[in-house]
Amino acid sequence: MSNKTNQQWGGRFSEPTDAFVARFTASVDFDKRLYKQDIQGSVAHARMLTRVGVLSQSECDDIVRGLGEIRVQIERGEFEWSVALEDVHMNIEAALTQKIGITGKKLHTGRSRNDQVATDIRLYLRDETDLILDEISRLQQGLLDLAEQEAETVMPGFTHLQTAQPVTFGHHLMAWFEMLSRDYERFVDTRKRINVMPLGAAALAGTTYPIDRHYTAELLQFSAPAGNSLDAVSDRDFAIEFCAASSLLLMHLTRMSEELVLWASAQFNFVNLPDRFCTGSSIMPQKKNPDVPELVRGKSGRVYGHLFSLLTLMKSQPLAYNKDNQEDKEPLFDTVDTVKGCLRAFADMVPALEARRDVMREAALRGFSTATDLADYLVRKGVAFRDAHEIVGLSVAYGIRTGQDLGQMTLDELRQFSEVIEADVFEVLTLEGSVSARDHIGGTAPAQVRHAVAAGRQLLLSRQAG
């Protein structure tokens, strides 16, 4: 390979780069995904250089036209990417120079690949964050619709995966909604720190040209230019923060996935997953495997791994840019792809879930789920809570011996544990009575589920308005 193959930096070198090293250090195979953002940033940079008098208007027009033609070539699959040119930036710049001549070489005035790539990544991640926010909202919309439909569906609530108290399925779904609302806010907050422009920092110290960074930031819709040139080219906090927000989102999706896998099993049989989100077995013809939630549950591992990859990548790096930072893109790109894929799968699947209401209700009748209601009843009758706790414990032990739930016992059977128990106890021992009694903000009562759904709909509308 000639030392002049890469005209952008070959002048200082007296021998060619080793062929293996050229392949080893090249990033174009994966960073070509940034072509839109690279062209977008270059167009803004050219217009800024024209504004400050470094380029003429005709030179700027040639550059913008040439870059537009290159974008069309790329999107048609007609662009020839070269590993010898290392990365997306040099490939596009070389093609531009070949297309419009020496003016193409003027585009790089006042910038470096260091601030160029940092800008490209931020533009890319800003775009992808907006798409992720849309998918979170779409999933939440599906949850709202299903929660409203199942506002009165009673199911067992669990702690330690043991039956605890009756809840409504709609209330459980709205717990998922709350998790996702926090995720949405985290991505919104992360986006603020993504949306800062490194362009103009050049290699690390800025440039001697009279650039107008505020104008470039305005053209690219950044909130502001980065305040320190050293930090601008070496900062990857925003990528790490994005992966951290992604890890929390995937953690939430794994919790939902685990519950769906359990609920879809023959042992629970709480929900039916549509066939299109499941697969069969090659040997057991009766099987219907919940592949989508299982795979989402598994994909969390790669996102967690990417977070730690980026943290380790940046650990102990001296300022400013180092070649290590080339390793930021593949984990970041895969995190984006994984998050979008998981959200799409869930947003498509959740609205199609079918609740087996009778099975859920029957399960809630097992496991003495209204025991706390009986204790609260006794307290309202003047019994101290600790004494009420003991009375209910004795009642449950009796139920275990006789094979009865609390609501199945006769009044005489219940009164053997406390004489304050009267016929009205059966109003609180019913499942419907138990959930309806918890009629306060955040409670499981059907009325509160409907209030929460209405509030959720307003939240989604406010996002659209904002």
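Glutamate 128 counts as buried because its relative accessibility is 11%, where buried means under 20% relative accessible area, exposed over 50%, and partly exposed in between (1.4 Å probe, protein chains only). This residue sits in helix α7 (residues 113-149); helices (H or I, at least four residues) and strands (E, at least two) are DSSP runs, numbered from the N terminus. Not counting residues up to four places away in sequence, glutamate 128 touches Val336 and Lys340, a contact being heavy atoms within 4.5 Å.

The model is predicted, so local features need pLDDT of at least 70 and side-chain atom pairs count only at pLDDT 80 or more, while totals for chains, interfaces and linings use all residues. Residues are numbered from 1 along each chain as its sequence is written, and side-chain values use heavy atoms, with hydrogens and water left out.

Aspartate 328 is another buried residue, with 2% relative accessibility. Its place is the loop between α12 (291-314) and α13 (329-349). Beyond its neighbours within four places in sequence, aspartate 328 meets Ile121, Arg236, Leu310 and Leu313. The loop between α12 and α13 also holds alanine 320, which is joined to leucine 319 by a cis peptide bond with omega of about 10°. For background, most residues other than glycine have a negative phi, and most peptide bonds are trans.

The largest nonpolar core contains 88 residues, and Leu139, Leu253, Leu260 and Phe346 have the most contacts inside it. A nonpolar core is a set of buried Ala, Val, Leu, Ile, Met, Phe, Trp, Tyr and Cys residues joined through side-chain atoms within 4.5 Å. Leaving aside neighbours within four places in sequence, leucine 260 is in contact with Trp176, Val271, Leu273, Pro293, Phe346, Met349 and Leu353. Another core, of 20 residues, lies apart from the largest one and includes Leu374, Leu378, Ala388 and Ile391.

After α15 comes glycine 382, with a positive phi near 105°. In the loop between α14 (357-365) and α15 lies phenylalanine 368, which has a positive phi of about 55° although it is not a glycine. Phenylalanine 368 counts as buried because its relative accessibility is 16%.

For residues 368-435, UniProt lists "domain: Argininosuccinate lyase C-terminal" in an unreviewed entry; UniProt positions are given in the numbering used here, feature names are shortened, and annotations may be inferred rather than shown by experiment. Over residues 368-435 the chain is 63% helix and 0% strand, with its end C-alpha atoms 14 Å apart.

What is the relative accessible area of tryptophan 81? The value is 26%, so tryptophan 81 is partly exposed. This residue belongs to the loop between α4 (57-75) and α5 (88-100). Its C-alpha atom is separated by 8.3 Å from that of aspartate 29, although the two residues are 52 residues apart along the chain. Leaving aside neighbours within four places in sequence, the contacts of tryptophan 81 are Val28, Lys32, Tyr35, Ile74, Val88 and Asn91.

Histidine 160, in the loop between β1 (154-159) and β2, is exposed at 77% relative accessibility. Histidine 160 has a positive phi of about 60° although it is not a glycine.
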